[in-house]
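I wanted to go through this chain with the files open beside me, and to write down each thing as I looked it up.

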Amino acid sequence: MTSGVFSKQYLQEALKKANLPCGYATILRYERDGVIPKSTSSMTMRLYSQEEIIAIVSLIKIYKEHHGRSKTL
């Protein structure tokens with residue numbers, strides 16, 4: 001298990017590596033819409049554990065498989 005916390009940029013890089021690139025606004029929309037869990041860190045600086053990043057990538061992958069490409073690019 002990897003310890004530590006990572007920034008939104010690390011999350012975005014993990015999504016890009018999984019062929020699921022999305023911007024920060026999309027991540028916030030996914031949080032708001034319940035696609036992914038809301039960050040437990042402060043609203044101004046979102047931090048994620050390695051486990052949270054893995055789970056978020058998986059959830060977005062499942063979401064996109066069931067809902068196709070987003071109409072908003």
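Conventions. I am working with a predicted model, in which local features need pLDDT of at least 70 and side-chain atom pairs count only at pLDDT 80 or more, while totals for chains, interfaces and linings use all residues. I number residues from 1 along each chain as its sequence is written, and side-chain values use heavy atoms, with hydrogens and water left out.

Overall fold. I looked up the secondary structure and found 3 helices and 2 strands, in the order β-α-α-β-α along the sequence; helices (H or I, at least four residues) and strands (E, at least two) are DSSP runs, numbered from the N terminus. Buried residues, meaning those under 20% relative accessible area with a 1.4 Å probe and protein chains only (exposed is over 50%, partly exposed in between), make up 30% of the 73 residues. Among contacts (heavy atoms within 4.5 Å) with a separation of 6 or more, 60% join residues 24 or more positions apart.

Helix packing. How do H1 and H3 pack? I find H1 (residues 8-17) and H3 (residues 50-67) at an angle of about 45°, with axes 10 Å apart; the axes are lines fitted to C-alpha atoms over the stretch in contact, and angles run from 0 to 180 degrees between N-to-C directions. The pair is therefore oblique, the class left once angles under 35 degrees (roughly parallel), over 145 (roughly antiparallel) and 65 to 115 (roughly perpendicular) are taken out. Tyr 10, Leu 11, Ala 14 and Leu 15 of H1 meet Gln 50, Ile 53, Ile 56, Val 57 and Ile 60 of H3.

Leaving aside neighbours within four places in sequence, I list Leu 20, Pro 21, Cys 22, Ile 27, Val 57 and Ile 60 as the contacts of Leu 15.

Two single residues. Glu 31, in helix H2, counts as buried because its relative accessibility is 5%. Beyond four places in sequence, Glu 31 touches Ile 36, Pro 37, Lys 38, Ser 39, Arg 46 and Tyr 48. Asn 19, in the loop between H1 and H2, counts as exposed at 66%, and its phi is near 60°, a positive value in a residue other than glycine.
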